[in-house]
Every structure is written in C-alpha cells, then in structure tokens.
Amino acid sequence: MSAREPRGALRLRSFAKVNLGLEVLGLRQDGYHELRTIFQTVALHDDLTLRPRPSAVSVTCDHPGVPTDERNLAWRAALELRRHAGLERGVAIDIRKRIPVAGGLGGGSSNAAAVLVGLDRLWRLGLGPDGLLRLARRLGADVPFFLFGGTALGIGRGEEVYPLRHQLRAQVVLVDMRRPVSTAAVFRRLDAGLTPRENSHTIFRFVSRDLEGLSALGGLVNDLEPAALQEAPEMAASVARVRAILVSQGARLAALSGSGSSFFGVFGDATAARRARAALQAEGHDAWRARTLTCSAYRSALFAGRGLGAASR
Ligand code: C5P
C-alpha cells in the first residue's frame, strides 16, 4: 500500500464524526450516562504519521490546544497497545489538526483509534478491529466507534457500537462555533435537570426505518444541546442563527454534535450543501463541507492512499 514511506513510517487519516442523534436515558452506577446515539463519520480529517522508534513514545501536534503528554489520548493508545502486546518498541506520533479541538467531533478519540489501527499494522500484531476493541473501550467512550466508522448505533456509554446496514450517503456542512466545550461539564449540567427517559424513542425509530431519501433524519434530537447552551450561553444566539441558515438552505437535519460546540447540517446533494456553506461563510462562520463516509469507505480511506476528496472550506 502507498501509505508506507521509505523509512517505514505510516500515514493515516483520522476522520471526524457527528452524532446524528443522541438520547440520554439516565445516570449509571459508574457515573457515566446511558446513551443511545447514531454516530456518523465524515470526510473531514486530521493527518497522522507514525514513525517507528526504538523505545520512546512521543507526540507532536501543530495545534497549541492539544497536549502532547500523557493527557493525549493518542499517546495513551500507543502505550496501552504496547503493554497489551508485551513489546518494548516506541513510536513518534505526529498529528496535523483540521478537526476542531473539543468541538464534539471526536477528534481526540479518532486520533487514538487511528493510532491503535496503525500500530497494529506497523508492529504486525494482527489484532484487527475486534482485537483492539477492549483497549479502545478503556481509552474513551467514543474510541470504539472509530475502529469501524460509517453509520453506527452506539449504546451503553456510547462504547458499544453496532454498524447499521443502511449507511448514510449525504453531504454534511460543519460549523466550528469556536468555543471549546468540556464534555464532562455538559454532562454535569445535564444531571442538574435530568428527567430520565423511559425509553429511547427517536434513535430506535431511526434504526428501524429505511434511510432512503434521508426522511428518517427528521425525528432525531440531541439531548445534550440545552445543557451545552447552559455551559456556553454566549453561543445561544449564533447557534440559533446557524440552525436557521442550515434549515433555510434545505438541511434535513440541523443539530449540535455530541456535547458541542460544533454544529452541522445534513444535505441530500452537494449543490445545496455548497450554498449553505457559502451563506454561513458570508456571515463570518467557519464552515466546511464534507461527505459522509460509509463503513467500507472509512476503512479503506484510513490508510492515506490517494483519491479521497478532502473536506472543502
Ligand atoms: O469517555 P470520555 O472520556 O470521552 O468521556 C468524557 C466525559 O464525558 C466523561 O468523563 C464523563 O464525565 C462524560 N460522559 C458521560 N457519559 C457518557 C460519556 C461521557 O457522563 N456516556
């Protein structure tokens, strides 16, 4: 594969996700929340390079907001895998950021999963996504999803992942609200006013319906949005405006991703998505257009070969 550089380095694309819907059922005994969510990978990605080293694990990143020590999930992923495999090898991980940091697009979790998948190949461990699953779960609730990508149902803490038979093919317009939000803080705010749901409604309706025509997207909600707006109240007016623009341009779904603060719209065709992006940019918003990636497109695009249309700004 063309992903290998002459000196044995491996280049990977680490993709972003959005949550097409997210329901919080209640607080669990372990302090986490019981979720039902639909994950979706999109073609916006960070670039990762893994360079074999004799023994040290290190991280470099071009974004000043990303820690390069043990707080970095990619760093922890390399250490966990090395321990699991009983190896003494090292790796230098370089991350070029495009995915907004702390934006609800899963950038850190995606980087960690890409490191697991990449080192599995580089160190010839042969574990595959199923063999990496336990390690991924330990790293964070969103990490297991990024072993598979595509359109998937997430349950439990979000870490129990089921790829769906109907993979969504659509255009997504992503808006960086330029306000990093702490996921833990949003969940804490949610707890203050949480009325546990009896059951999951919108997610299971979505899963049981045919996705043709994007019609199933209409009923989806994100239970974290009110808490995210309490956490970052200065964002409320611009979120309302961004939603209005996306909807007026024909978005089939306009929602906050995860705990925010990135907002997104889903469109059936590239022309409408392009127009929506232009309308957002005309009002000074940071907006990208990216297509959704199905499970199989995700797996084949992870190893940075050629031919994938990157997200356009
Ligand atoms: O698993 P991860 O470290 O990504 O989660 C970040 C934080 O979000 C957790 O520390 C927890 O406070 C909160 N969380 C939660 N319930 C979930 C997922 C995350 O309360 N299902």
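A: The model is predicted, so local features need pLDDT of at least 70 and side-chain atom pairs count only at pLDDT 80 or more, while totals for chains, interfaces and linings use all residues. Residues are numbered from 1 along each chain as its sequence is written, and side-chain values use heavy atoms, with hydrogens and water left out.

A304 counts as buried because its relative accessibility is 7% (buried: under 20% relative accessible area; exposed: over 50%; partly exposed in between; 1.4 Å probe, protein chains only). Between A304 and T49 there are 255 residues of separation along the chain, yet their C-alpha atoms are separated by 9.7 Å.

Now to the ligand. The residues that surround the ligand are Y32, H33, L35, G140, A141, R157, T183, A184 and F187, each with a heavy atom within 4 Å of the ligand. Both β2 (33–53) and α5 (183–192) give at least two residues to this shell, and α5 gives the largest share, three residues.

H33 places a polar side-chain atom 2.6 Å from a ligand oxygen atom. A polar backbone atom of A141 is 2.9 Å from an oxygen atom of the ligand. In R157, a backbone N or O atom lies 3.0 Å from a nitrogen atom of the ligand. On its own the ligand exposes 450 Å², of which the protein buries 72% (Shrake-Rupley method, 1.4 Å probe).

W123 belongs to the loop between α2 (107–122) and α3 (128–139). With 4% relative accessibility, W123 counts as buried. Beyond neighbours within four places in sequence, W123 is in contact (heavy atoms within 4.5 Å) with A78, L81, R82, L87, R89, G90 and V91.

Q171 lies in strand β7 (residues 171–176) and counts as buried at 14% relative accessibility. Residues touched by Q171, leaving out those up to four places away in sequence, include F267, D269 and R289. With R289, the side chain of Q171 makes a polar contact of 2.9 Å (a pair of N or O atoms within 3.5 Å; within protein, one must be able to donate a hydrogen and the other to accept it, and residues adjacent in sequence count only if both atoms are side-chain atoms).

Note on methods. Helix = DSSP H or I, 4+ residues; strand = E, 2+ residues; numbered from the N terminus.
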